[in-house]
Amino acid sequence: MAAKEGELAPDFELEGTDGTFKLSDHRGSRVVLLFYPGDFTPVCTKQFCSYADRAEDFEDLDAVVVGISSGNVE
C-alpha cells in the first residue's frame with residue numbers, strides 16, 4: 001500500500017535504538033525515512049556516508065530523520 005503525494009502515510013510503530021518510534025506521533029512534522037539493508041555492511045556505510053555528506057540539507061528540511069533496516073535493534 002503506497003501513499004500518494006499529499007496523502008497521509010499509513011501509521012506504523014517500530015522498536016528502535018532510541019525507544020519506540022511511532023509515525024503518528026510526528027503528524028504535522030516532516031519525517032524522512034531512510035531504509036537500508038543492515039548495519040555494518042558496505043552498502044550501509046556508503047549509503048549513510050552520503051547522508052552525512054548532505055547533513056545540512058536534512059537540517060534545512062527541519063525534519064525528523066529515521067533510519068530503518070530489517071536487522072534487529074541490537
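1. The protein exposes about 6,000 Å², of which carbon and sulfur atoms supply 52%; accessible areas here come from the Shrake-Rupley method with a 1.4 Å probe, and for residues only the protein chains shown count as cover. This is a predicted model, in which local features need pLDDT of at least 70 and side-chain atom pairs count only at pLDDT 80 or more, while totals for chains, interfaces and linings use all residues. Residues are numbered from 1 along each chain as its sequence is written, and side-chain values use heavy atoms, with hydrogens and water left out.

2. On the overall fold, the protein has two helices and four strands, and along the sequence these follow the pattern β-β-β-α-α-β. Helices (H or I, at least four residues) and strands (E, at least two) are DSSP runs, numbered from the N terminus. The C-alpha trace spans about 35 × 30 × 25 Å along its principal axes. Of the 74 residues, 15% count as buried, where buried means under 20% relative accessible area, exposed over 50%, and partly exposed in between (1.4 Å probe, protein chains only). Among contacts with a separation of 6 or more, residues 24 or more positions apart account for 50%, a contact being heavy atoms within 4.5 Å.

3. Strands E1 and E2 run antiparallel and are joined by four bridges, two strands being paired if DSSP finds at least two bridges between them. The two strands form a hairpin with two residues between them, and within the pairing Glu15 stands opposite Thr20 in E2.

4. The largest pocket holds about 470 Å³ of space. On a 1 Å grid over the protein atoms alone, a pocket is an open set of points where a 1.4 Å probe fits, with protein on both sides within 12 Å along at least five of seven lines, and lining residues have an atom within 4 Å of a point. Grid points are joined across faces, edges and corners, and a volume is the space filled by probe spheres set on the points. The lining comprises 19 residues, of which Glu15, Gly16, Thr17, Gly67 and Ile68 lie nearest the centre of the pocket.

5. As to where that lining comes from, strand E1 (13-16), strand E2 (19-22) and strand E4 (63-69) each supply at least two residues, and E4 gives the most, with five. By class, the lining of the largest pocket divides into seven nonpolar, eight polar and four charged residues; Ala, Val, Leu, Ile, Met, Phe, Trp, Tyr, Cys and Pro count as nonpolar, Asp, Glu, Lys and Arg as charged, and the others, Gly among them, as polar.

6. The second largest pocket holds about 200 Å³ of space, and residues including Ala9, Leu23 and Arg27 line it. Its lining has five nonpolar, four polar and three charged residues.

7. Ala9, one of the lining residues of the second largest pocket, lies in the segment before E1. Which residues does Ala9 contact, leaving aside its neighbours within four places in sequence? They are Ala3, Leu23 and Arg27. Ala9 and Leu23 are 14 residues apart in sequence and 8.5 Å apart in space, C-alpha to C-alpha. Ala9 counts as partly exposed because its relative accessibility is 33%.

8. Asp62 deserves a check of the backbone: its phi is near 50 degrees, a positive value in a residue other than glycine. Asp62 is placed in the loop between helix H2 (55-61) and E4, and at 64% relative accessibility Asp62 counts as exposed.
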